[in-house]
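Student: I have a new structure open and would like to learn how to read it. Could we go through it together, one feature at a time?

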Amino acid sequence: MKQWKTLAREPVLEGNRYLCVERHTIELPDGSIIDNWPWVIMPDYVNVVAVNEEKQFLCFRQTKYAIEGTSLAPVGGYIDPGENALAAAQRELLEETGYAAEEWTQLGSFPVDANRGCGVGNFFLARGARKAAQPKQDDLEEQTLLLLTREEVESALGRGEFRILSWAMALLLAMRFLDLEQPRVSG
């Protein structure tokens with residue numbers, strides 16, 4: 001299959017490091033041209049599903065500007081310029097929770113929007129997380145760290161309490177990975 005080809009790009013909005021919008025001229029595989037194709041540039045980010053030595057999931061109850069009320073959330077944040085995804089995941093875990101982990105698994109990297117950009121989400125599972133420092137409370141949102149059992153996380157997912165798609169997907173991928181590695185026994 002042939003890829004779409006970018007023939008031209010023009011900035012439309014240059015906000016800050018968190019958002020830039022461009023207008024692209026695109027050539028489709030059949031040779032047809034599309035003018036004014038919107039392209040959104042946002043920083044890549046990480047979501048970390050952290051599990052401590054007692055098999056509890058580190059999650060936040062927090063507020064976000066785009067969400068009315070509160071949401072449960074895993075650890076997450078933007079990748080700094082020049083930083084790789086794993087280093088960002090390790091930094092975010094330590095900064096947000098004060099926990100560190102030795103065992104890391106990359107669960108995948110996924111574009112947010114296949115046709116419009118919007119950054120790439122990089123998902124990680126951090127096992128054996130243990131308290132290593134005090135968290136740095138510099139995020140804009142209010143948040144409370146919770147230690148949840150797997151059953152509590154599954155129940156919260158079923159009730160829609162993880163209200164951002166990437167958060168729910170990171171948790172589901174992590175639980176699937178854990179199931180494949182160590183099958184759960186039903187009783």
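Student: Let me start with one residue. Is Glu92 buried or exposed?

Tutor: Burial is read from relative accessible area: under 20% is buried, over 50% is exposed, and partly exposed lies in between, using a 1.4 Å probe and protein chains only. Glu92 has a relative accessible area of 7%, so Glu92 counts as buried. Keep in mind that this is a predicted model, where local features need pLDDT of at least 70 and side-chain atom pairs count only at pLDDT 80 or more, while totals for chains, interfaces and linings use all residues. Residues are numbered from 1 along each chain as its sequence is written, and side-chain values use heavy atoms, with hydrogens and water left out.

Student: Which residue forms a salt bridge with Glu92?

Tutor: The general idea is that side chains of opposite charge can pair when their charged atoms come close. The cut-off for a salt bridge is a side-chain nitrogen of Lys or Arg within 4 Å of a carboxyl oxygen of Asp or Glu. Here Arg91 is the partner of Glu92, with the closest N and O atoms 3.0 Å apart. Arg91 also meets Glu95 in a salt bridge, at 3.4 Å from N to O. Arg91 and Glu95 both lie in helix H1 (residues 85-97), four residues apart, about one turn of the helix. A network of salt bridges links Arg17, Asp80, Glu83, Arg91, Glu92 and Glu95.

Student: How many salt bridges does the structure hold?

Tutor: There are 14 salt bridges in the structure. Another one to find joins Glu22 and Arg9, whose closest N and O atoms are 2.9 Å apart. Glu22 is in strand E2 and Arg9 in strand E1 (residues 5-16), so this pair ties together parts 13 residues apart in sequence. Glu22 is buried, at 11% relative accessible area.

Student: What does Thr97 in helix H1 do with its side chain?

Tutor: Look for polar contacts, which are pairs of N or O atoms within 3.5 Å; within protein, one must be able to donate a hydrogen and the other to accept it, and residues adjacent in sequence count only if both atoms are side-chain atoms. The side chain of Thr97 reaches the backbone oxygen of Leu93 at 2.5 Å. A polar atom of that Thr97 side chain also lies 3.0 Å from the backbone nitrogen of Tyr99. Thr97 is buried, with a relative accessible area of 0%. For contact in general, the test is heavy atoms within 4.5 Å. Leaving aside neighbours within four places in sequence, Thr97 is in contact with residues including Leu58, Phe60, Val75 and Glu92.

Student: Which side chain joins Gln143 in a polar contact?

Tutor: The side chain of Gln62 does, at 2.6 Å. Gln143 is in strand E11 (residues 143-148), and Gln143 is buried at 16% relative accessible area.

Student: How do I read a nonpolar core, and which residues touch the most other members of the largest one?

Tutor: A nonpolar core is a set of buried Ala, Val, Leu, Ile, Met, Phe, Trp, Tyr and Cys residues joined through side-chain atoms within 4.5 Å. The largest one has 20 residues, and Val49, Phe57, Leu125, Val153, Leu157, Phe162 and Leu171 touch the most other members. Elements giving two or more residues to this core include strand E4 (45-52), strand E10 (117-131) and helix H3 (165-181). H3 gives the most, with six residues. A second, separate core of 17 residues includes Val46, Ala50, Ala85 and Trp104.

Student: Where is Phe124 found, and is Phe124 buried or exposed?

Tutor: Phe124 is found in strand E10 and is buried, at 3% relative accessibility. Not counting residues up to four places away in sequence, Phe124 touches residues including Val46, Ala85 and Trp104.
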